[in-house]
Amino acid sequence: MSKISSQEIRLATRPQGMPIPANFTLARRELEPLPDRQVRVRNLFMSVDPYMRGRMNDGPSYVPPFALGQPLEGGAVGEVVESRAPEFKPGDAVVSNFGWREYFTAAPKDLHPVSREIQPLSAYLGVLGMTGMTAWAGLNLVTVKAGEVIYISGAAGAVGNVAGQLAKLRGCRVIGSTGSMAKVRFLREECGFDVAFDYKTGPVLEQLKLEAPDGIDVYFDNVGGEALEAALSALRVHGRIIACGGISGYNEAKPRPGPTNLFNITTKRLTMKGMIVSDSLDRQGEFEKEAGGYFRAGKLKNKETVVEGIGQAVGAFLGLFAGKNIGKMVVKLA
Ligand SMILES: NC(=O)c1ccc[n+]([C@@H]2O[C@H](COP(=O)([O-])OP(=O)(O)OC[C@H]3O[C@@H](n4cnc5c(N)ncnc54)[C@H](OP(=O)(O)O)[C@@H]3O)[C@@H](O)[C@H]2O)c1
């Protein structure tokens, strides 16, 4: 096969506060002939995710920082174009962590085969992929019972909308907050949320109290900041918090002080549990069976915002912090 020229996005400089386009470069790499026992993949879709912001900082975390001058990494779904390993053949669809590039070469152990029967294949980055599994694993982290009231912040995003749909399937009353009226309508009309409100139109606690005057049982935190503080006030005795994310603080150059009302944890005997989705990888099959079943039955919707071309990938990533996505933000590469 002739040499392949592949475009990729590299980290040029580490962002200070909110990332800017100059932190990234679009570069081209010539791929060497395929070595024995290796597989060549053309990416069809790549994922941009808020957690990638943390990997752009230097310093220890639960995943190592991105290296300067090197391509970024992240979820992607692609098709095998050439294989010198018996496990894969051209045309196979695979999920990998080699996003942010058009083509790559990998060992079979780094590729997760997926069925082409599911369409669009980008669903493997969202509802049936990492963010869907985050929603599922989050709901399994604490007790969430039928009839309970759950409040989800960042509700119209990739994790939030799936968490809400799954909580509805469990028989909960689901309240979501999000950043525009269009997203509020999406939550109510397409995702089956009982109630949704726009957190930009008034204090979160006031809006939450209006929708749940008797309080909430569970809070699924994607945002932190004001939403977490409101939830701490609204939670009932023995309430539970799923600490999934805190996007409101990811671009703060200097972290803000935490909630002023943390003492609610003591007085109301609350439980707050942190989670990282990769801790649940041993349950991925269980997730795929359950979520895949709901998806095929039409009970779980896949909502995504699709941006086209690797040249738009940085803009798609930056768009996450400006609320440009409804559902999962994905970049279509081929
Ligand atoms: N623990 C884990 O393993 C794990 C795994 C995946 C994701 N996460 C976390 O889960 C959260 C959601 O991730 P996602 O992939 O589903 O992203 P997402 O919600 O699809 O996209 C980000 C959304 O966050 C909202 N947002 C941006 N800046 C905000 C701010 N300052 N205050 C409030 N909302 C803001 C925007 O929606 P609005 O229009 O509503 O503002 C935006 O659309 C993130 O915090 C992420 O880091 C955790």
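**Entry 1: the ligand shell**

I sorted the residues of the shell around the ligand by class and found 14 nonpolar, twelve polar and one charged. In this sorting Ala, Val, Leu, Ile, Met, Phe, Trp, Tyr, Cys and Pro count as nonpolar, Asp, Glu, Lys and Arg as charged, and the others, Gly among them, as polar. I note that the model is predicted: local features need pLDDT of at least 70 and side-chain atom pairs count only at pLDDT 80 or more, whereas totals for chains, interfaces and linings use all residues. Residues are numbered from 1 along each chain as its sequence is written, and side-chain values use heavy atoms, with hydrogens and water left out.

I then looked up which residues come nearest to the ligand: of the 27 around it, these are Lys183, Tyr199, Tyr250, Val277 and Asn325. A residue is near a molecule or strand if one of its heavy atoms lies within 4 Å of it.

The side chain of Lys183 has an N or O atom 2.6 Å from an oxygen atom of the ligand. Val277 places a polar backbone atom 2.7 Å from a ligand oxygen atom. For Gly246 I noted a backbone N or O atom 3.5 Å from an oxygen atom of the ligand.

On its own the ligand has 910 Å² of accessible area, and the protein covers 91% of this. Accessible areas come from the Shrake-Rupley method with a 1.4 Å probe; for residues, only the protein chains shown count as cover.

The elements giving two or more residues to the shell are helix H2 (130-141) and helix H3 (158-169). The largest share, three residues, comes from H2. Helices (H or I, at least four residues) and strands (E, at least two) are DSSP runs, numbered from the N terminus.

**Entry 2: pocket and cavity**

I searched a 1 Å grid over the protein atoms alone: a cavity is a set of points where a 1.4 Å probe fits but cannot get out, and a pocket is an open set with protein on both sides within 12 Å along at least five of seven lines; lining residues have an atom within 4 Å of a point. Grid points are joined across faces, edges and corners, and a volume is the space filled by probe spheres set on the points.

The second largest pocket has a volume of about 170 Å³. Strand E7 (112-114) and helix H8 (284-296) are the elements that give two or more residues to its lining. Its lining residues divide into five nonpolar, three polar and three charged.

I found one cavity of 30 Å³ or more. The largest cavity holds about 30 Å³ of space, and its lining includes Val127, Asn161 and Lys328. H3 gives the largest share of this lining, three residues.

I counted 16 salt bridges, each a side-chain nitrogen of Lys or Arg within 4 Å of a carboxyl oxygen of Asp or Glu.

Most residues other than glycine have a negative phi, and most peptide bonds are trans. Trp100, not a glycine, has a positive phi of about 70°. A cis peptide bond joins Gln119 and Pro120, with omega about -5°.

Key:
A polar contact is a pair of N or O atoms within 3.5 Å; within protein, one must be able to donate a hydrogen and the other to accept it, and residues adjacent in sequence count only if both atoms are side-chain atoms.
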